[in-house]
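Dear colleague,

I am handing over the structure we spoke about, and my notes on it follow below. Please read them with the model open beside you.

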Amino acid sequence: MKTRTLIALPLVATVALTGCLENSSLSDPDSKARQGAVAGAVLGGIVGLSQGDGKLGKAAVGAVIGGAIGAGIGGTLDQQAADLRQDLGNDDVQIVNTGSELVVTLPQDILFDTDSAVVRAGLQSDLGALARNLQDYPSTTVQVIGHTDNTGDAGYNQELSTRRASAVSTILRANGVESYRVNAYGRGEDAPVTTNLTPEGRAQNRRVEIIITPAA
């Protein structure tokens, strides 16, 4: 019973902290760093309790260490996202900081011509800027994921999405990003972000996502 109580304490506190963070996230520029700190504190607290005799002191130490690590990751992602927005200057490219990774979304229609896996010349410079940003933040891994809408044959869409992801990753590597950091693959039409029933929805589903994750 005592151990269960000690485990519950950091979790209850974290729920309260998370609620406060959600209410302030719209106005607080450091909200992702703070969310990272909370997530780290939860993990650290649980790890602390799972080791030894489960004393609250160990959970507290684990929470402090985990919180510091989480805040560091969140803060670094905040800075990387700000740098990337400034370097790109392209409103068509979406950059989302989830608190644990950056998701950079490039609409297919600005990257490729129809049925093509050749990156348009106008986007080569944007991918070069992204590559330089990745070199400035070397402690990250990169997933390049191609997506299509559901128009046409599913097998063809899968193959096209794979070729497009490979084309983007090739440009990143050619601009200095180490090959071991980059993994490219296609999802075809399997992971839409919205409906395929409208032209606008299909345009959003045709995209390449670049997911930047801090190394563990």
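Leaving aside its neighbours within four places in sequence, which residues is Thr105 in contact with? With contact meaning heavy atoms within 4.5 Å, the residues that Thr105 touches are Asp92, Val93, Gln94, Arg207, Val208 and Glu209.

Before going further, please keep in mind that this is a predicted model, in which local features need pLDDT of at least 70 and side-chain atom pairs count only at pLDDT 80 or more, while totals for chains, interfaces and linings use all residues. Residues are numbered from 1 along each chain as its sequence is written, and side-chain values use heavy atoms, with hydrogens and water left out.

Thr105 itself is found in strand β2, which covers residues 102-107; helices (H or I, at least four residues) and strands (E, at least two) are DSSP runs, numbered from the N terminus. Thr105 counts as buried because its relative accessibility is 12%, where buried means under 20% relative accessible area, exposed over 50%, and partly exposed in between, computed with a 1.4 Å probe on protein chains only.

Turning to charged pairs, the structure holds six salt bridges, a salt bridge being a side-chain nitrogen of Lys or Arg within 4 Å of a carboxyl oxygen of Asp or Glu. One of them joins Asp109 to Arg206, with the closest N and O atoms 2.9 Å apart. Since Asp109 lies in helix α4 (residues 108-111) and Arg206 in the loop between α7 (199-205) and β5 (207-214), this pair ties together parts that are 97 residues apart in sequence. Asp109 counts as partly exposed at 33% relative accessibility, whereas Arg206, at 19%, counts as buried.

Arg206 also meets the side chain of Asp149 in a salt bridge, at 2.8 Å from N to O. That pair again links distant parts of the chain, 57 residues apart, with Asp149 placed in the loop between β3 (140-147) and α6 (154-174). Asp149 counts as buried, its relative accessibility being 7%.
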